[in-house]
Amino acid sequence: MKFVVAFAAVLALALAAPVDEKDAQVLKFVNDASADGGYAYQIETSNGIQAQETGEVKSFPEDVVAVVVKGSYSYTGPDGEVYTVNYIADENGFQPEAAHLPRA
């Protein structure tokens, strides 16, 4: 019985240990593209990184066509905190928003 308890404790520690960055594995990857040029993807890795993004084709004046992007990503920083950045990239440029980023 002591062996089982000790084994369970060691296993729990091993599973809770942070994954070395170079050994991170992709746990989830979804990639969808539409016929009109739009797309969506999601990714999640074993070291806690998550990202998702969608892109949509948009027409602008003077026959300009571009992809407008919305998304977010999160990761665990060296301090153990999870940081999340939400963003839009459109005709106004890249616009990130996050609690840890300075504001103008």
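Trainee: Where does Asn-47 lie?
Mentor: Asn-47 is in the loop between strand S2 (39–45) and strand S3 (50–60). Strands here are DSSP runs of E, at least two residues, and helices are runs of H or I, at least four, numbered from the N terminus. A caution before we go on: this is a predicted model, where local features need pLDDT of at least 70, side-chain atom pairs count only at pLDDT 80 or more, and totals for chains, interfaces and linings use all residues. Residues are numbered from 1 along each chain as its sequence is written, and side-chain values use heavy atoms, with hydrogens and water left out.

Trainee: Is Asn-47 buried or exposed?
Mentor: Asn-47 is buried, because its relative accessible area is 15%. Buried means under 20%, exposed over 50%, partly exposed in between, with a 1.4 Å probe and protein chains only.

Trainee: What does the side chain of Asn-47 make a polar contact with?
Mentor: The side chain of Thr-45, at 2.3 Å. A polar contact is a pair of N or O atoms within 3.5 Å; within protein, one must be able to donate a hydrogen and the other to accept it, and residues adjacent in sequence count only if both atoms are side-chain atoms.

Trainee: What about Ile-49? Where does Ile-49 lie?
Mentor: Also in the loop between S2 and S3. Ile-49 counts as partly exposed because its relative accessibility is 34%.

Trainee: Which residues is Ile-49 in contact with, leaving aside neighbours within four places in sequence?
Mentor: Ile-43, Glu-44, Ser-74 and Tyr-75. Contact means heavy atoms within 4.5 Å.

Trainee: Now the surface. Which residues make the nonpolar patch?
Mentor: Ile-49, Tyr-73 and Tyr-75, over about 230 Å². Patch residues have over 30% relative accessible area and no salt bridge; like charges are joined within 9 Å, nonpolar side chains (Val, Leu, Ile, Met, Phe, Trp, Tyr) within 5 Å. A salt bridge is a side-chain nitrogen of Lys or Arg within 4 Å of a carboxyl oxygen of Asp or Glu. Areas come from the Shrake-Rupley method with a 1.4 Å probe; for residues, only the protein chains shown count as cover.

Trainee: Change of topic. How many aromatic pairs does the structure hold?
Mentor: Four. In one of them, Tyr-73 and Tyr-87 are tilted, 6.2 Å centre to centre with 45 degrees between the planes. That pair links distant parts of the chain: Tyr-73 in strand S4, Tyr-87 in strand S5 (residues 82–90), 14 residues apart. Rings of Phe, Tyr and Trp (its six-membered ring) pair if their centres lie within 6.5 Å; planes under 30 degrees apart count as stacked, over 60 as edge-to-face and the rest as tilted.

Trainee: Why does Tyr-87 count as buried?
Mentor: Because its relative accessibility is 10%. Tyr-87 also pairs with Phe-94: the centres are 5.5 Å apart and the planes at 40 degrees, so this pair is tilted. Phe-94 itself counts as exposed, at 52% relative accessibility.

Trainee: Which residues form the aromatic cluster?
Mentor: Tyr-73, Tyr-75, Tyr-83, Tyr-87 and Phe-94.
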